[in-house]
Amino acid sequence: PHTGRVAWVTGSTSGIGWAIAQQLASDGAAIALHGRSAADEKTDTLLAELQALGVPARYYALELSQGEAIAPLAARIAAELGSVDILVNNAGMQHVESVLQFPPAQWNAMLAVNLSAPFHSIQACAPAMLAKGWGRIINVASVSGLVGVARKPAYVATKHGLIGLTKSVALELATTPVTCNAICPGWVLTPMVQAQIDALARREVLDADTASSRLLGTKQPSQAFVTVEQVASLASYLASDNAAQVRGAHWNMDGGFAAA
Ligand code: NAD
């Protein structure tokens, strides 16, 4: 369904972003794979997997806290793959600590990556979408954009902010063929969540299984992780023509997390 489109998925060398890149590639889109560090054997392998699906794919490295470098990167992607039709703002950072001890530098970094980077990439990519007469902007927020969570002040604040940005952009573009929506996953077992399971296991001296049940038990009524493939299929739907009138939505996929 996405044949001939160009998709840029930020933070797509692991976790949810990689699953979205694979899904959109299987749907026929060319992929701008993105990570924070220089190309290496791992990124070569990922690119080969995407290219094996029969689509063009290239890797782009950029530390997203460098906001002023985002528009030049979008221009490079446009020159090498074609202008971005499907922008997936997926890259994100987590840091779990009380607001009383939260390092200000960490707060600033999370604001830059989780919230300002999507602003910059939208500003860089939307004009070509409008000129072409088709576009999809998908922001990977979180249930932490809908409800508060203790000890995650920057994460909760930036994800709430990202949903606000989503609504504002969606309204501004409401009469155009460009949509903007947010996805709000609950717990998904990715490197980001594995780090939280490991920290819980260390803190409370638990085995890995007990630590992951404890994590789910407190928040996710289904008691099951959302899978990266499930999140990717939602992104693929939001990128489809049938989703043309889904606008400004914050769509949760969270095992019931936000219903409680
Ligand atoms: P992940 O750690 O595998 O992915 C995060 C990606 O963002 C990585 O590829 C990382 O390289 C990239 N990134 C982080 N900081 C960056 C920076 N400064 N510059 C460039 N790239 C940077 O974890 P994930 O769970 O797949 O997270 C993907 C998105 O999903 C994030 O926005 C996260 O907040 C969101 N999310 C995850 C969950 C979950 O349970 N895993 C739940 C809700 C939302």
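A crossing of two helices is called right-handed if the near helix is turned clockwise from the far one by less than a right angle. With that convention stated, I turn to the structure above, which is a predicted model.

The crossing of helices H3 and H4 is right-handed. H3 covers residues 70-80 and H4 covers residues 104-132; their axes come within 9 Å and cross at roughly 45 degrees. The two helices are therefore oblique to each other. On the H3 side, the contact is made by Ile 70, Ala 71 and Ala 74, which meet Ala 117, His 120, Ser 121, Ala 124 and Cys 125 of H4. Classified by residue type, this contact contains six nonpolar and two polar residues, and no charged ones.

Helix H1, residues 15-26, packs with helix H2, residues 41-51, at an angle of about 25 degrees, and the axes are 9 Å apart. Because angles under 35 degrees count as roughly parallel, H1 is described as roughly parallel to H2. Here Trp 18, Ala 21, Gln 22 and Ala 25 from H1 meet Leu 46, Glu 49 and Leu 50 from H2. This contact comprises five nonpolar residues, one polar and one charged.

Finally, the ligand. Which of the 28 residues around the ligand come nearest? They are Ser 14, Asn 90, Tyr 155, Val 188 and Thr 190. As for individual atom pairs, a backbone N or O atom of Gly 11 lies 3.2 Å from a ligand oxygen atom, and a backbone N or O atom of Ile 16 lies 2.8 Å from an oxygen atom of the ligand. Glu 63 places a polar side-chain atom 2.8 Å from a nitrogen atom of the ligand.

Definitions and conventions. Residues numbered from 1 in each chain as written. Predicted model: local features only at pLDDT ≥ 70, side-chain atom pairs only at ≥ 80, totals over all residues. Heavy atoms only, no water. Axes fitted to C-alpha atoms, helices over the stretch in contact; angles between N-to-C directions. Helix = DSSP H or I, 4+ residues; strand = E, 2+ residues; numbered from the N terminus. Parallel < 35°, antiparallel > 145°, perpendicular 65-115°, else oblique. Contact = heavy atoms within 4.5 Å. Nonpolar A, V, L, I, M, F, W, Y, C, P; charged D, E, K, R; others polar. Near = heavy atom within 4 Å. Polar contact = N/O pair within 3.5 Å; in protein donor to acceptor, adjacent residues only side chain to side chain.
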